[in-house]
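Visitor: I would like to learn how to read a structure like this one. Please take me through a few features.

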Amino acid sequence: MSIRETAKAALRGLGLYPLRTFLSVLGIVIGVASVIGLVAIGAGVQKSVTNQISQLGSDVLLVSPAMQRGLFGRSVAQTTVDTSMAKDLVEHNPLIRQAVATLQTQGTMTVDNSTLDVTVVGVTPDYADIFSYPVETGRFLRASDQDLGVDVVVLGAEVASTLFPGENPLGRKVQLSAGNYPTRSFIVVGVMSSLGRTFAGNFDGQVYLPASTFFRWTGQRRVSTFILRARSSDVAVDAADQVDFYLTRRVGANKFRVESQQAILQTIGSVVGTLTLSLGAIAGIALVVGGIGVMNVMLVSVKERTREIGIRKALGAKNRNILSQFLLEAIFLSLTGGLLGLFGGWGVAALVSRWGHWPTVLPIQAIFLAIGFSSAVGLFFGIYPAMQAARLDPIASLSYE
Amino acid sequence: MPEGASEGVATPKEVIRLEKISRQYVVGGNVVQALEEVDLVIKEGEFLAIMGPSGSGKSTLMHILGCLDRPTSGRYVLDGVDVGRLNDNQLAVIRNQKVGFVFQQFNLLPRETILANVELPMMYAGVPRRERSERARQLLKEIGLENRLAHRPTELSGGQRQRVAIARALANAPALILADEPTGNLDTNTGAEILRILEDLNRRGRTIVLVTHDPNVASHAGRVIRLVDGRIVADEGGVAA
């Protein structure tokens with residue numbers, strides 16, 4: 001008897017009691033679904049984080065004043081430092097290659113009659129360079145803009161497309177107002193290309209002024225964030241420690257928060273690693289439970305179909321024909337569970353990732369793993385019932401009621 | 001015309017030769033002697049009935065003849081093959097190739113179509129799909145069920161089911177048709193119809209062994225042996241061979 005015919009007979013057996021079949025594989029369905037779901041979610045989060053980080057470069061460090069809840073629930077920076085510290089950070093920390101200070105405030109940009117809330121960032125000209133943040137049209141800020149403190153502005157991609165839909169914003173005059181500061185006019189000299197969402201915020205919704213202009217306009221010297229670049233990605237974590245140590249000595253402990261992209265990557269990596277390990281345990285338990293379900297239903301099935309086995313044997317079925325029929329049935333059974341679990345877990349992951357705004361990633365290995373493991377469970381837990389079936393005595397089976 | 005007659009010298013070959021066949025069971029520590037030194041020769045083209053009260057050993061004899069069971073001692077040659085010492089798988093092949101069973105309970109697979117039921121022995125024999133299907137259709141046509149190919153056994157009457165079982169028994173053109181109380185679950189008319197089919201098969205040269213306790217059924221056979229306590233006590237009407 002060919003595999004094809006054995007498979008047909010096995011499938012026929014499965015269709016006999018659909019509800020019982022489903023219930024018996026529920027353990028496998030749940031096990032595979034939870035593993036697939038969590039793996040897919042983990043992979044999606046990791047991918048989204050990695051994307052964000054690689055946008056900026058994994059050698060980038062962010063240093064920002066630590067915030068503490070102050071009077072009336074407002075967040076208050078623990079210290080203030082001015083932009084000149086950027087130079088010191090490079091000079092005193094050999095692992096740091098480059099440093100840029102940014103000043104930040106929330107504001108509103110007006111062009112003709114349209115307005116848009118934007119994040120106004122005062123930066124030095126090497127800001128674009130530190131992120132490899134490319135210009136779309138026009139130019140970025142120059143040293144001369146900084147030195148002269150001219151009223152020019154560079155727009156993030158989203159700002160440009162919202163305020164100047166289908167128009168060329170270069171050379172246009174825009175009004176900026178922020179807080180209590182007087183509304184001021186700026187000339188648009190450039191538009192940045194889109195960077196998307198990143199760990200350091202949404203660059204596309206920002207507008208960039210020379211730091212000197214920003215200071216003259218607002219009088220604000222307090223640095224929002226220093227952006228540092230380590231000598232390489234490999235030393236990024238050490239560089240973060242170095243900077244932390246330097247800042248502690250200079251301004252006191254815990255006044256600044258130093259974040260390294262590399263450290264974030266490592267944290268994510270180790271979280272995902274732990275997750276994978278505990279998933280392995282869940283999968284193991286679920287598959288054993290599921291396997292016992294399969295074994296149970298197969299033993300019942302063999303018992304119920306004793307007469308069928310007797311008939312087949314009388315007509316010339318060899319022991320191995322019976323063995324492979326029931327073994328295939330067990331494998332199909334748990335494979336069905338595995339596939340249901342695969343699609344179930346995928347669906348859950350798709351829902352969760354839509355809600356969490358990260359891509360749904362289902363690693364191909366996870367699919368093979370689900371299929372492979374559930375077949376293996378069917379094989380392992382099906383062998384005993386199938387052997388019971390194959391060993392049945394034809395005479396006793398034929399007279400079984 | 002009997003098959004042997006055309007060959008001039010009427011010496012039909014032996015389909016079955018039993019020599020001193022004994023079968024013992026151990027039941028609850030007691031040895032039960034189900035068959036005791038049974039000698040029996042059945043020639044090709046014979047229609048033989050095995051009779052006996054229950055417990056006489058006729059079921060045991062039938063199981064041994066059908067290669068479902070092995071004798072404790074003695075020699076059994078079926079269609080030229082000494083089957084006494086074959087292992088399980090070899091016996092499965094012999095059952096498949098040389099024996100066609102017809103059971104009292106019909107023993108069709110309830111979830112398969114009658115076509116698939118008739119194909120089953122050929123499937124285990126490895127007959128290619130198309131050939132198998134063709135032959136099964138032919139066999140079902142001969143018993144007048146060619147319009148029911150896709151029906152399940154449960155949709156058929158008892159007589160129809162037994163006809164399907166006979167078609168299935170013939171699938172691999174066996175040397176021996178072994179019918180165990182084939183009319184036991186049928187009313188008189190239907191039973192008579194089944195017996196007519198068996199008689200007809202016998203006329204066309206099939207060797208048939210019928211196990212029954214019913215003298216009316218046995219009367220259709222050309223030769224009747226009677227078993228009591230595991231021994232053959234009578235052998236009547238056999239062709240003088």
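Visitor: Which residue forms a salt bridge with A:Glu308?

Guide: Side chains of opposite charge can pair when their charged atoms come close. A salt bridge is counted when a side-chain nitrogen of Lys or Arg lies within 4 Å of a carboxyl oxygen of Asp or Glu. Here the partner of A:Glu308 is B:Arg111, with the closest N and O atoms 2.5 Å apart.

Visitor: Before going on, what should I know about the model and its numbering?

Guide: This is a predicted model, in which local features need pLDDT of at least 70, side-chain atom pairs count only at pLDDT 80 or more, and totals for chains, interfaces and linings use all residues. Residues are numbered from 1 along each chain as its sequence is written, chains are lettered from A and ligands numbered from 1 in the order in which they are written, and side-chain values use heavy atoms, with hydrogens and water left out.

Visitor: How many residues does each chain bring to the contact?

Guide: Contact means heavy atoms within 4.5 Å. Chain B brings 25 residues and chain A brings 23 residues. By class, the chain B side has 11 nonpolar, 5 polar and 9 charged residues; Ala, Val, Leu, Ile, Met, Phe, Trp, Tyr, Cys and Pro count as nonpolar, Asp, Glu, Lys and Arg as charged, and the others, Gly among them, as polar.

Visitor: What area is buried between chain B and chain A?

Guide: Buried area is the accessible area (1.4 Å probe) that two parts lose on being put together, summed over both. For these chains the value is about 2,300 Å², and carbon and sulfur atoms give 56% of that. On the chain B side, B:Leu68, B:Arg111 and B:Tyr124 lose the most area to chain A, together 32% of what that side buries.

Visitor: Where is there a salt bridge within chain A?

Guide: One joins the side chains of A:Asp59 and A:Arg97 (3.5 Å, N to O). This pair links distant parts of the chain, 38 residues apart: A:Asp59 is in the loop between H2 and strand E1 (60–65) of chain A, and A:Arg97 is in strand E4 (residues 96–111) of chain A. Helices (H or I, at least four residues) and strands (E, at least two) are DSSP runs, numbered from the N terminus.
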